[in-house]
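Please read the points below with the model open beside them.

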Amino acid sequence: MTLLLGPPGCWKTSLLLALSGNLDRNNEKIVQKLSIPSTGSKDHFRSCFSLSGWEQYKSCLWKQQLSYWRSPSYNLTRLMFAFMSSLIFGLLFWQQGKNINDEQSMFTIFGSMFSAVMFLGINICSPVIPFIATEKTVIYRERFAGMYSSWAYSFAQVTVELPYLLTVAFIFTVITYPMIGYYLSAYKVFWYFYAMSCTLMYFNYMGMMLVSLTPNTQVAAITASATYTLMNLFSGFLIPQPRIPKWWLWLFYLCPTSWTLHGLLSSQYGDIHEEITAFGKTNTVASFIEDYSGCHHDRLGLVAAMLIIFPLTFASLFAYFIGKLNFQRR
């Protein structure tokens, strides 16, 4: 009998497996039957999410705020970096803001603006890439589970960055503006803070956008490095706008750093009519920056609009592609 039935308890296991198989098939039939709405029935659910879009956004913002507060290696590091780099820039260009005598003096100031924009911008963009890449794995899982929409997460992610970016811009403005010694007025200080705030935002959101467009951190970092080169070359400092070939001007106007330098240089010196000696000729400061760099004080309204358009564009593209693209291996 033992040979026919097998080891003790084996027949019980076989019976349980047979019953579970029948139960599984019955459950599948019930699911298929209930998945088809009956004739005349109406769908009373407006969306597949339990909360409205606004409630989803608030929940995601609360989650992201806690995540950022508990990530000092990311946030505290960039705040300390902003403080230290601001002191270094202030000491390097100590009281050079009003010491304008010739073209070399203007190049020194222009160089300080260019180096600050690229230095802070790159060091804001680079750390955000691995951080958002980690978050991207989480959103894949939670979006598949139907917890919230990708738009709610994306806008919360964009919003939670704002206080930290504005704090970095505030630290940089408070430290470097009096140390470099620019012309002091509320109008000029506001423009300095506004230009740096928008610059940090579009660098940050550009890094987030690259993460949403690429399959992994390595590809995003390589793409960001190539972008830094273009933003460096067509910023208007290495090659002034009047000297850029006409067939490359479209890339100059498409480069966000060119608008930042335009805004910084024009707002600080576009209305200064003190005479200087530039290239052996006597000229005013305002006329010199117009002739040499193509920065016009009367175009600051356009510059202000473009500076806010770039971060809004990058943030919107990040929100769109993080929801549309899925790089998970199937």
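**Notes on the predicted model**

1. Of the chain's 330 residues, 44% count as buried, where buried means under 20% relative accessible area, exposed over 50% and partly exposed in between (1.4 Å probe, protein chains only). This is a predicted model, in which local features need pLDDT of at least 70 and side-chain atom pairs count only at pLDDT 80 or more, while totals for chains, interfaces and linings use all residues. Residues are numbered from 1 along each chain as its sequence is written, and side-chain values use heavy atoms, with hydrogens and water left out.

2. Twelve helices and two strands make up the secondary structure; these are DSSP runs (helices H or I, at least four residues; strands E, at least two), numbered from the N terminus. Along the sequence the order is α-α-α-α-α-α-α-α-α-α-β-β-α-α. Among contacts (heavy atoms within 4.5 Å) between residues at least 6 apart in sequence, 80% join residues at least 24 apart.

3. Mean pLDDT, the predictor's confidence in each residue from 0 to 100, is 86 for the chain, and 89% of the residues score at least 70. Among the elements, helix 7 has the highest mean (95) and helix 1 (residues 2-5) the lowest (43). Over residues 1-6 pLDDT stays under 50, and the model has one contact beyond four places in sequence for them. Where pLDDT is low, the predicted coordinates should not be read in detail.

4. The largest nonpolar core has 85 residues, of which Met106, Phe203, Met206, Tyr269 and Leu307 touch the most other members. Helix 5 (residues 103-144) gives this core its largest share, 17 residues. Such a core is a set of buried Ala, Val, Leu, Ile, Met, Phe, Trp, Tyr and Cys residues joined through side-chain atoms within 4.5 Å. Leaving out residues up to four places away in sequence, the contacts of Tyr269 include Met106, Ile109, Met113, Tyr182, Tyr183 and Lys188.

5. What lines the largest pocket? The lining residues include Met206, Met209, Leu210, Leu230, Phe234, Leu254, Pro256 and Phe314. Helix 7 (186-213), helix 8 (217-233) and helix 9 (249-254) each give two or more residues to this lining. A pocket here is an open set of points on a 1 Å grid over the protein atoms alone where a 1.4 Å probe fits, with protein on both sides within 12 Å along at least five of seven lines; lining residues have an atom within 4 Å of a point.

6. By class, the lining of the largest pocket has eleven nonpolar residues, one polar and no charged. Ala, Val, Leu, Ile, Met, Phe, Trp, Tyr, Cys and Pro count as nonpolar, Asp, Glu, Lys and Arg as charged, and the others, Gly among them, as polar. The space in the pocket is about 210 Å³, a volume filled by probe spheres set on grid points joined across faces, edges and corners.

7. Phe310 lies in helix 12 (residues 300-324) and counts as buried because its relative accessibility is 9%. Beyond four places in sequence, Phe310 is in contact with Tyr202, Tyr253, Leu254, Cys255, Pro256 and Trp259. Its C-alpha atom is 9.5 Å from that of Leu254, 56 residues away along the chain.

8. Gly207, in helix 7, is buried at 0% relative accessible area. Not counting residues up to four places away, Gly207 touches Cys125, Val128 and Ile129. Gly207 and Pro127 are 8.7 Å apart, C-alpha to C-alpha, and 80 residues apart in sequence.

9. Gln95 sits in the loop between helix 4 (72-92) and helix 5. Phi of Gln95 is near 55°, positive in a residue other than glycine. Gln95 is partly exposed, with 37% relative accessible area.
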